[in-house]
Amino acid sequence: MEEDQQQTTPTKSGMNPMMLIAGVVGLLLIGGVAWMLLSNNSSSNSTNTQTVPPTQTENNFMEPKATGMESAVKEFTVEGSNFKFTPKALTVKEGDSVKIIFKNVEGLHDFVIDELNVATKQIKGEEEETIEFIASKAGTYEYYCSIGKHREMGMKGTLTVEPKAKSGT
Ligand SMILES: [Cu+2]
């Protein structure tokens with residue numbers, strides 16, 4: 001039916017174009033109605049009229065920052081005393097460089113994270129030591145003082161390394 005439209009080119013020669021147009025329009029109307037009826041009948045049993053839009057979901061998987069250069073240096077000051085760490089919890093993101101300034105207020109202490117191969121020297125009161133490491137793997141790690149029974153006495157804390165893929169700020 002669409003081929004008929006090729007004949008409706010304007011030719012300004014009198015009545016014929018008008019009649020052609022009217023005829024074409026009429027045919028289109030009749031054809032359209034007939035097609036609608038037919039298609040209604042034929043598709044009344046089957047619900048194959050779903051129009052699935054093209055996959056728009058791919059864009060949603062874009063990470064806001066995929067530069068690979070987002071690792072930052074996270075610096076913390078952790079105080080050690082008899083027998084606790086302050087603060088007791090630290091949170092960083094996977095891949096971060098972590099810098100910990102371990103300040104000893106009193107006693108003899110150190111700062112150790114076994115899983116990350118982190119350990120300061122044992123330092124005395126009013127000394128401090130800085131240690132840096134990479135939070136290479138997401139997880140929850142305990143930092144503690146390895147001297148005597150300090151760990152059992154509560155000289156410990158939790159370092160949380162969040163997965164990199166986590167969204168949000
Ligand atoms: Cu200690």
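Four strands make up an open sheet of mixed pairing, arranged in the order β2-β1-β4-β7; strands are DSSP runs of E with at least two residues, helices are runs of H or I with at least four, and both are numbered from the N terminus. Two strands are said to pair if DSSP finds at least two bridges between them. At the edges of the sheet lie β2 and β7, each of which pairs on one side only. Neighbouring strands are turned against each other by 25 degrees on average, direction ignored, with axes taken as lines fitted to C-alpha atoms (for helices over the stretch in contact) and angles running from 0 to 180 degrees between N-to-C directions. Inside the sheet, β1 and β4 pair in the parallel sense over eight bridges, and Gly80 stands opposite Asn104 in β4.

The structure is a predicted model, in which local features need pLDDT of at least 70 and side-chain atom pairs count only at pLDDT 80 or more, while totals for chains, interfaces and linings use all residues. Residue numbers start from 1 along each chain as its sequence is written.

Taken as a whole, the chain has one helix and nine strands, and along the sequence these follow the pattern α-β-β-β-β-β-β-β-β-β. Of its 169 residues, 14% count as buried; a residue is buried if 20 or more other C-beta atoms lie within 10 Å of its own, exposed if 12 or fewer do, and partly exposed in between, with C-beta atoms placed from the backbone. Among contacts with a separation of 6 or more, 60% join residues 24 or more positions apart, a contact being a pair of residues whose C-beta atoms, placed from the backbone, lie within 7 Å.

The largest nonpolar core has 15 residues, and those with the most contacts inside it are Val78, Ile100, Phe111, Tyr143 and Tyr144. Such a core is a set of buried Ala, Val, Leu, Ile, Met, Phe, Trp, Tyr and Cys residues joined through C-beta atoms within 7 Å. At least two residues of this core come from each of β4 (97-104), β8 (139-144) and β9 (156-162), and β4 supplies the largest share, three residues. Beyond its neighbours within four places in sequence, Phe111 is in contact with Val78, Gly80, Ile100, Phe102, Thr120, Ile131, Tyr143 and Cys145.

Leu90, in strand β3, counts as partly exposed because it has 19 C-beta neighbours inside 10 Å. Its contacts, leaving aside neighbours within four places in sequence, are Phe76, Gly157 and Leu159. The C-alpha atoms of Leu90 and Thr140 are separated by 9.9 Å, although the two residues are 50 apart along the chain.

Most residues other than glycine have a negative phi, and most peptide bonds are trans. A cis peptide bond joins Asn82 and Phe83, with omega about -5 degrees, and Phe83 is found in the loop between β1 (73-81) and β2 (84-86). Another cis bond links Thr86 and Pro87, where omega is about 0 degrees; Pro87 belongs to the loop between β2 and β3 (89-93). Asn117, in the loop between β5 (112-113) and β6 (118-119), has a positive phi near 55 degrees and counts as exposed because it has 9 C-beta neighbours inside 10 Å. Glu126 has a positive phi of about 70 degrees and sits in the loop between β6 and β7 (128-134); with 9 other C-beta atoms within 10 Å, Glu126 is exposed.

Terms used: Two residues are in contact if their C-beta atoms, placed from the backbone, lie within 7 Å.
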